[in-house]
Amino acid sequence: MTGVRIDKWLWAARFFKTRALAKKAIEGGKVHYNGARVKTSKTVEPGALIKVPQGWDLWEVEVLAVSDQRRGAPEARELYRETPESQARRESETEKRRLANQAMSAPHGRPDKKQRREIQRFQRQRPE
């Protein structure tokens, strides 16, 4: 196989759950092929660099193989290789998010009667 549409390849490589979601991301300008925005009809070829957003992360992958069939996750990972810079950036951002979430403490429960009265008193105050 020499080339496949980019929306089909992203779906086959399991970056998106459906081709419609892949198409929406491509048309929204979120996916870059060799550093430029693309259309859904762009043909993917081995050796190309693709930037794909996935959740909070941005994947930068090199295309190793082309497929238009969706297979299992281990086979899908053989279609691409993530660049070392992308992997390091994703890991550092994940660690930052984890530390930020640890710093925030969740409330221990509903306020008791005294705390509710203090909240109501605070809300009734008018700024002067």
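Modeller: I would start with strand β6, where five of the seven residues are buried, so this strand is largely enclosed by the rest of the structure; buried means under 20% relative accessible area, exposed over 50% and partly exposed in between, with a 1.4 Å probe and protein chains only. Helices (H or I, at least four residues) and strands (E, at least two) are DSSP runs, numbered from the N terminus.

Biologist: And what kind of model is it?

Modeller: It is a predicted model, in which local features need pLDDT of at least 70 and side-chain atom pairs count only at pLDDT 80 or more, while totals for chains, interfaces and linings use all residues. Residues are numbered from 1 along each chain as its sequence is written, and side-chain values use heavy atoms, with hydrogens and water left out.

Biologist: In what sense do β5 and β6 pair, and over how many bridges?

Modeller: Strand β5, residues 49-54, pairs with β6 in the antiparallel sense over six bridges, where pairing requires that DSSP finds at least two bridges between two strands. Ile-50 stands opposite Val-61 in β6, and in the hairpin of β5 and β6, with two residues between the strands, Gly-55 takes a positive phi near 65 degrees.

Biologist: How many bridges join β6 to β7?

Modeller: Three bridges join these two strands, which run antiparallel, and Val-61 has Glu-82 as its bridge partner in β7.

Biologist: Switching to charges, how many salt bridges does a search of the whole structure find?

Modeller: The search finds eight, a salt bridge being a side-chain nitrogen of Lys or Arg within 4 Å of a carboxyl oxygen of Asp or Glu. One of them joins Asp-57 to Arg-97, with the closest N and O atoms 3.2 Å apart. Because Asp-57 lies in strand β6 (residues 57-63) and Arg-97 in helix α4 (residues 84-103), the pair ties together parts that are 40 residues apart in sequence.

Biologist: Is Asp-57 buried or exposed?

Modeller: Asp-57 is buried, at a relative accessible area of 14%, whereas Arg-97 is partly exposed at 27%.

Biologist: What does Arg-81 form a salt bridge with?

Modeller: Its partner is Glu-62, the closest N and O atoms being 2.8 Å apart; Arg-81 lies in strand β7 (residues 80-82) and Glu-62 in strand β6, so this pair links parts that are 19 residues apart in sequence.

Biologist: Which residue pairs with Arg-90 in a salt bridge?

Modeller: That is Glu-82, with the closest N and O atoms 2.6 Å apart; Arg-90 is buried at 16% relative accessible area, and Glu-82 is buried at 15%.
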